[in-house]
Amino acid sequence: MSRLRPEEFEAALMETVEDALRSNGQIPVIVCGMAGAREGWKEAPYSAVPCAPPGLSEAVTPQTRDVRLQTFIIPGLKQLEPADVMRGEETQISGFLAGQPDFEGVICLPGTHTKWVRVSDRTITEFHTHITGEIFSLLSSQSVLRHSLGGEGWDQDAFIEALETVIKDPTRISSRLFSIRAKALLRNTENAYLRSELSGYLLGLELGGVGQKWLDQKTVLIGDSRLVELYRAGLKILGINAIIVDDKDITLSGLRHAYAELVR
């Protein structure tokens, strides 16, 4: 979406799928995510929660020059109060529920914009987005802290200590963030320690803001393996034994579930 104008999406798609197209007839192409954004290929208006994960019945069909394409863009979800939106994650949730139709509880999808989603009776009832990953990226690349966070390595003890500290007292987070820079200057603290500390502070702030009414329910984590392990460690401190679900094929499963509507 950040690189293509609406009229360029079809050409980009064809670079990926042309070899799979038949010489005659149509093949359905099911799309989720930011192609359906206002600035994307064609806007797929958000479905409002509470609702089931949207499928082809709510999809929009952009016009295509190649007659072999039958393209559907699945909409995202919106929540009016508190205001929130998602695009793409709804298809991951659909993929998860296709294999776990009786699931009741909370699904957390860690990422740049982490989603916390409450599910009941195959319905997404509410959700919240935390931009923890984006804040980490901005602080570590554009703030004064960037001078202290480079390189590789990880310190799990520093991460856990920072997470516990900010959960107990989130009011001093701004001061604690600057202390990362001060530790580098005054103590020559290793970058791996400080980077882990920053991650712990930010994740602790997120978990503290999620609210106990969410954390008292069965919780599933879906996402990148390294990231979900950090979330699981943080939740464990709060007494929550979260379940990790392999996300390798979860989006594909959601797209297949949508395709099943077409062939029924």
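This is a predicted model: local features need pLDDT of at least 70, side-chain atom pairs count only at pLDDT 80 or more; totals for chains, interfaces and linings use all residues.

Modeller: I begin with strand β7, residues 114–120, and strand β8, residues 123–130, which run antiparallel and are joined by 7 bridges. Within this pairing, lysine 115 stands opposite threonine 129 of β8. The two strands form a hairpin with 2 residues between them, and aspartate 121, which lies in the turn, has a positive phi of about 55°.

The other arrangement to consider is an open sheet of 3 strands in the order β2-β4-β5, with mixed pairing. Because β2 (47–48) and β5 (84–86) stand at the edges and each has a single partner strand, one side of each is left without a neighbour in the sheet. The pairing of β2 with strand β4, residues 77–79, is parallel and extends over 2 bridges; here serine 47 has leucine 77 in β4 as its bridge partner.

Turning to the helices, serine 143 lies in the loop between α3 (132–142) and α4 (156–168). With a relative accessible area of 17%, serine 143 is buried, because the cut-off for that class is under 20%. A polar atom of the serine 143 side chain lies 2.5 Å from the backbone oxygen of leucine 139.

Finally, leucine 262 belongs to helix α9, residues 250–263, and counts as partly exposed at 32% relative accessibility. Together with Tyr259 and Val263, Leu262 forms a nonpolar surface patch with about 250 Å² of accessible area in total.

Definitions and conventions
Residues are numbered from 1 along each chain as its sequence is written. Side-chain values use heavy atoms; hydrogens and water are left out. Patches are made of residues with over 30% relative accessible area and no salt bridge: like charges are joined within 9 Å, nonpolar side chains (Val, Leu, Ile, Met, Phe, Trp, Tyr) within 5 Å. Accessible areas come from the Shrake-Rupley method with a 1.4 Å probe; for residues, only the protein chains shown count as cover. A salt bridge is a side-chain nitrogen of Lys or Arg within 4 Å of a carboxyl oxygen of Asp or Glu. Helices (H or I, at least four residues) and strands (E, at least two) are DSSP runs, numbered from the N terminus. Buried means under 20% relative accessible area, exposed over 50%, partly exposed in between (1.4 Å probe, protein chains only). A polar contact is a pair of N or O atoms within 3.5 Å; within protein, one must be able to donate a hydrogen and the other to accept it, and residues adjacent in sequence count only if both atoms are side-chain atoms. Two strands pair if DSSP finds at least two bridges between them.
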